[in-house]
2 protein chains.
Amino acid sequence: MAVTKNLACFLVNSRYEDLPLEVRHEAKRALLNWMGCAIGSTHQETVACALAAIKPFAGPAQATLFGRNERLDILNAALVNGISSHVLDYDDTHSRAIHTSSAIYPALLAYSEWQQLNGRELLHAFALGVETACRIGLSVSPGHSDTGWHITGTLGVLGAAAAAAKLLRLNEQQMIWALGTAVTQASGLREMFGSMCKSLHLGSAAQKGLQAALLASKNFTSSDQGIEAPAGFAHVLASTFNPLAITDGLGKRYELPLNMYKPFACGLWMHATIDGCITLSHAHNLNPSNIARIDIRVSPTALEFTGKPAPATGLEGKFSLYHAAAVAFIHRSGGEAQFADAVVNSPEVIALRSKVVTHADASIGKFQSDITVTLSDGRTLHHKVEHALGTLERPMSDADLEEKFRGLVEPVLGAKQAGDVIAKCRAVESLSDAGELARVTVPRQ
Amino acid sequence: MAVTKNLACFLVNSRYEDLPLEVRHEAKRALLNWMGCAIGSTHQETVACALAAIKPFAGPAQATLFGRNERLDILNAALVNGISSHVLDYDDTHSRAIHTSSAIYPALLAYSEWQQLNGRELLHAFALGVETACRIGLSVSPGHSDTGWHITGTLGVLGAAAAAAKLLRLNEQQMIWALGTAVTQASGLREMFGSMCKSLHLGSAAQKGLQAALLASKNFTSSDQGIEAPAGFAHVLASTFNPLAITDGLGKRYELPLNMYKPFACGLWMHATIDGCITLSHAHNLNPSNIARIDIRVSPTALEFTGKPAPATGLEGKFSLYHAAAVAFIHRSGGEAQFADAVVNSPEVIALRSKVVTHADASIGKFQSDITVTLSDGRTLHHKVEHALGTLERPMSDADLEEKFRGLVEPVLGAKQAGDVIAKCRAVESLSDAGELARVTVPRQ
């Protein structure tokens, strides 16, 4: 089956009017959530390091860096905004665990700003990028992730390329080449979790995806079967491949409504645990000093990703169930503040995390957690989280998302400007120049 | 074993004086051969397409594009010069089939030109980059290539990162991060052979390798075990891993003397066949119109890479034993001219290539070919090439390399300027500003 060609044909012929209303609405929810994450992290060390390294080589001031005064060429803007989108690990996630927006929107908004494209084209290209990344991801699941790939990196570049190619209005052959140029640059290893490189995977995906579309627009060629060929993406980077997951129901069924948003500033694998610990803490008005032991049962995969018993930094804390449970009981929260270096290294948190015992249990779902707290007096309290807050079964409302946005953005831009960014996001479909979305994030004097 | 750390320790502590004379000499031979390939292809369509796509976004004019008047920022110069290095598929190859120079030198020379570093630092960093790429390549051979990776792309970024990190004089921790940032961006699929993306793999490796070193210089972190960790490079991208191939004899035994240079403008897999056909043609003064059938026996791998029976373009011709044998008999040559689109599509060549019958024979070595020609009168002629010209057993001499260089560069720069570039390459060890190497390639009015 000509998978790459069939996909390209769909992407090129799709019209905005074809998108169901719920897909358009979800594209707008994703936009607000993504911009909050990118602006909220703009002063993080990871972003500062990357910017210091890249800035001497950047081109014309074509696109805005969110929440900053600098402007870079669109390829480097996509790189840096892609990094900042993911630094807090607070960005959105398709229910099959691909971070959805962070590689795609930075590529699209940089190009839209430069070319003054309208908001509808932006949303449309985004929805198609998500469709591409998620469908290809599903076609190689679980053999792709199991191999050790950071699938947001490897699939992100495909989504960004497809989306950017749509925005550039490429023809079918050029779309095929853009997809091929993207698959042959797909990269990102799970080994980098806990280091700055994890965010680089998204920045690089955004940059390389946009570059792939730009190359294809000049008729730079690749294979016509980049996804499905024997030495192509699916067979080289995965042990399983179901091409029907890519082509079946294209244009009839969309992946974007399966997008999830995080109430907590860490990987989804820890959400049920944080949610459950906060629930127990409130329900029994627990004093952390009365806790003798915390037993947490999660899926083996969740534990593989989040099993760091003694994190040394906030970044490492985002991969530690031990830390997550400790702060959930002590702070009754799991926001960005709970993953500050100082919190990870506070004696109270270290003392409580040492009382956490984790168990890998194949009977537990990947977004579930089973928590038993043993108190100093010997009593035990139990709570099982079937569906963590933020999952499709318990989604964040539009109001929840706005509150999350304000929590991230107000410390950077203040309440007034945060409100202005929200207003632009809400009005995206009527913007004749989507670049307004980016420029409204530049800090006012 | 702490493979990444041990390698980084060696790279950081190596001094130019430690390099054996034969390694320094080979670094100079590689420099001349590489510059010839890069200059000779500077007007190819692949380079033009890439440059057209990239130029609107490039930064300050920090580094020269070989053989052209444009200057770009060092990251984009590394990208474009990396692409042009490989477009003709004429660049050098380590005996285990990694293209050696094309991802490393473009990164190094761009940075050297910008920072006015001297020629010895350039050669030293290059030798260490080759050592890194080849040793890591050997550690995952053959399971890495067999998976479907274009190993020049995946290993090139590691070599470029190590070399650039040496040039940037990074400390051991930063060198570890540079290696980690490179391994997590390693990419390139064999599926792209025959398309422009094959050259992009090298350009991208040069660019990403240099970027990895620049990021590490600003303390952008990665894993400390990027090569050897369970979700690191070796285990995710290969089915076999021998860490001793990386660490054993570091600084005592060097890979660069195993470098090979191509007399023919295509993959090494076709060299023995071209060599043998030319030899037969000369020995028997063959008229191609008297040939009824050509039987070629090569290794199964050689045939896998070069089995295109009916190439439509010069680029595809570089992956066609059928085409290679035809032009070797008709033109008695295998230079760049023999892979022009017009030659691939000439009726005479098409007629003769249709008489080629290929056989995969596991008893034939990878750089060997066994050729039997059946003439119209029924006679058969046989020749087996044990060692193709350009292999370690029959290396190109310094004079051969200079002749190859002139053949590539004179059509672009003229004989006088080609001679000036050769003189600069010969004097590289005494250059206080290695950027002279790049600037001497700018066409004079």
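Close-up 1. With a relative accessibility of 0%, A:S369 counts as buried (under 20% relative accessible area, with exposed over 50% and partly exposed in between; 1.4 Å probe, protein chains only). Its side chain forms a polar contact of 2.9 Å with the side chain of A:T273; a polar contact is a pair of N or O atoms within 3.5 Å, of which, within protein, one must be able to donate a hydrogen and the other to accept it, and residues adjacent in sequence count only if both atoms are side-chain atoms. Apart from neighbours within four places in sequence, the contacts of A:S369 (heavy atoms within 4.5 Å) include A:A272, A:I296, A:V298, A:I364 and A:H383.

**Close-up 2. The open sheet of 4 strands in chain A.** The strand order is 6-5-7-8, with mixed pairing; two strands pair if DSSP finds at least two bridges between them. Strand 6 (356–360) and strand 8 (380–385) of chain A are the edge strands, each pairing on one side only. From one strand to the next, the twist averages 15°. Strand 5 (residues 291–298) and strand 7 of chain A pair in the antiparallel sense over 6 bridges, and A:R293 has A:T374 of strand 7 as its bridge partner. Helix 16 (residues 321–331) of chain A packs on the sheet, touching strands 5, 6 and 7, and its direction makes about 125° with that of strand 5. Axes are lines fitted to C-alpha atoms, for helices over the stretch in contact, and angles run from 0 to 180 degrees between N-to-C directions.

**Close-up 3. Packing of helix 3 against helix 4 in chain A.** The axes of helix 3 (residues 45–54) and helix 4 (residues 74–86) of chain A come within 9 Å and cross at roughly 165°. The two helices are therefore roughly antiparallel (angles over 145 degrees; under 35 is roughly parallel, 65 to 115 roughly perpendicular and the rest oblique). Among the contact residues are A:V47, A:A50 and A:L51 of helix 3 and A:L79, A:V80 and A:I83 of helix 4.

**Notes.** Residues are numbered from 1 along each chain as its sequence is written, and chains are lettered from A and ligands numbered from 1 in the order in which they are written. In this predicted model, local features need pLDDT of at least 70, side-chain atom pairs count only at pLDDT 80 or more, and totals for chains, interfaces and linings use all residues, while side-chain values use heavy atoms, with hydrogens and water left out.
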